[in-house]
Amino acid sequence: MTKALVDLHDVELAALAAAGGRREFGELVRRHSSAVRGLLRRMGAQPSEADDVAQDAFLTAFQRCSEFRGEGTFAAWVKRIAARLYLKRKSKDSRYVAEIESQEAAPSIDTPGLVDLDEALKVLSETERLCVSLCHGAGLSHPEIAAAMNLPLGTVKSHVKRGLDKLRARLRPEPQQYGKAGHVG
Amino acid sequence: MGRLAMSADEFDPFVERMFARTPALPDAEAFSARLEARLDSGTRVRTLALSVAGLVGGAVAVREILSLRLDLAAPDGPVAGRAVGEGIQTLTLGAQSAIQSGADHLGLANWSLGSMGGMQLFWLSAATMIALATAAVMKLSQES
């Protein structure tokens, strides 16, 4: 008996999509597009830009679907594609290069007690925000981030640490979620 | 309200869980529809490009074959020319018998291909093969 699309696991859908199944790929898009778009916005992309990059990421994922082996989650795989596409786009932006070179200081906003990650990320500098999002949102390792951003490994580690310190100063866990596993996107 | 102090070891997985929370975006359906339209558009462009390439390739192939001006009946032509001519004749006869047996199955036994000239049958076979090859390539491209 043929299973309905909603009953299929991501790995099954990806295998069918790799064989040209656009309906199956559409189901994957419906399941994970918000996670990918959300990550790009957290990396600092404007909503319209995040959507454009997410579209390109899913199109790339469709073309390369046969490369997805199911080692990680499908969402994580597309997030990595999207993050790299966004970095590629940013690297063409001269402002981004200038910002990295000058190690721009973070805007200082004193907002204690925030629990919203999106708000908390705004206090990070652009590079810190990118490094933290790539590390904890897209699942890239420090060396992978260094290679993708063309930065020394030590600089990436510093950005991640500084970014996390700033987030820690502003985020506090909600009592009901602290210690619980979150939704794996 | 006092804040809970978290060590770095506790904070890293906490941040990862926060990143893993999927935001609710109200236009998710519109995003999916736009992406599906782009996928469809890409397929249409690819199909069109392959069709044009097939037609151009077919036209070039026909033109090249016409320019050969083989005299299949000439017994004293060049050896290579004779070999090609004999090959075409063999193919033509094979195609003729295959088509005739197919016609017999369909109750068209009285439809005689033998009345067609060798070259006519050759062009008919060539056109059929080009059409079949183009259809196969288009089908494969749609499935890939």
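## Order of elements in chain A

From the N terminus on, the elements of chain A follow the order α-α-α-α-α-α-α-α-α, that is, nine helices and zero strands, where helices (H or I, at least four residues) and strands (E, at least two) are DSSP runs numbered from the N terminus. This is a predicted model, in which local features need pLDDT of at least 70 and side-chain atom pairs count only at pLDDT 80 or more, while totals for chains, interfaces and linings use all residues. Residues are numbered from 1 along each chain as its sequence is written, and chains are lettered from A and ligands numbered from 1 in the order in which they are written.

Of the 185 residues of chain A, 43% count as buried; a residue is buried if 20 or more other C-beta atoms lie within 10 Å of its own, exposed if 12 or fewer, and partly exposed in between, with C-beta atoms placed from the backbone. Among the contacts in chain A with a separation of 6 or more, 63% come from residues 24 or more positions apart, a contact being two residues whose C-beta atoms, placed from the backbone, lie within 7 Å.

## Helix α1 and its surroundings

Helix α1 of chain A covers residues 10-18 and contains Ala15(A), while its buried residues are Leu13(A), Ala14(A) and Ala17(A). Seen down the axis of α1(A), these buried residues fall within an arc of 100°, so they line one face of the helix; the arc is that of the directions from the helix axis to the C-beta atoms. Their cover includes α2 (22-42), α3 (47-63) and α4 (74-91) of chain A.

After α1(A) comes Gly20(A), which has a positive phi near 100°.

Asn150(A) lies in the loop between α8 and α9 of chain A, where it is exposed, with 10 other C-beta atoms within 10 Å. Most residues other than glycine have a negative phi. Asn150(A), which is not a glycine, has a positive phi of about 55°.

Helix α9 of chain A (residues 153-170) has 18 residues and reaches 26 Å from its first C-alpha to its last, close to the 26 Å expected at 1.5 Å a residue, the expected span being 1.5 Å times one less than the number of residues. Its buried residues include Val156(A), His159(A), Leu164(A) and Arg170(A). What covers the buried residues of α9(A) includes α6 (117-121), α7 (126-137) and α8 (142-149) of chain A, together with α1 (8-20) of chain B.
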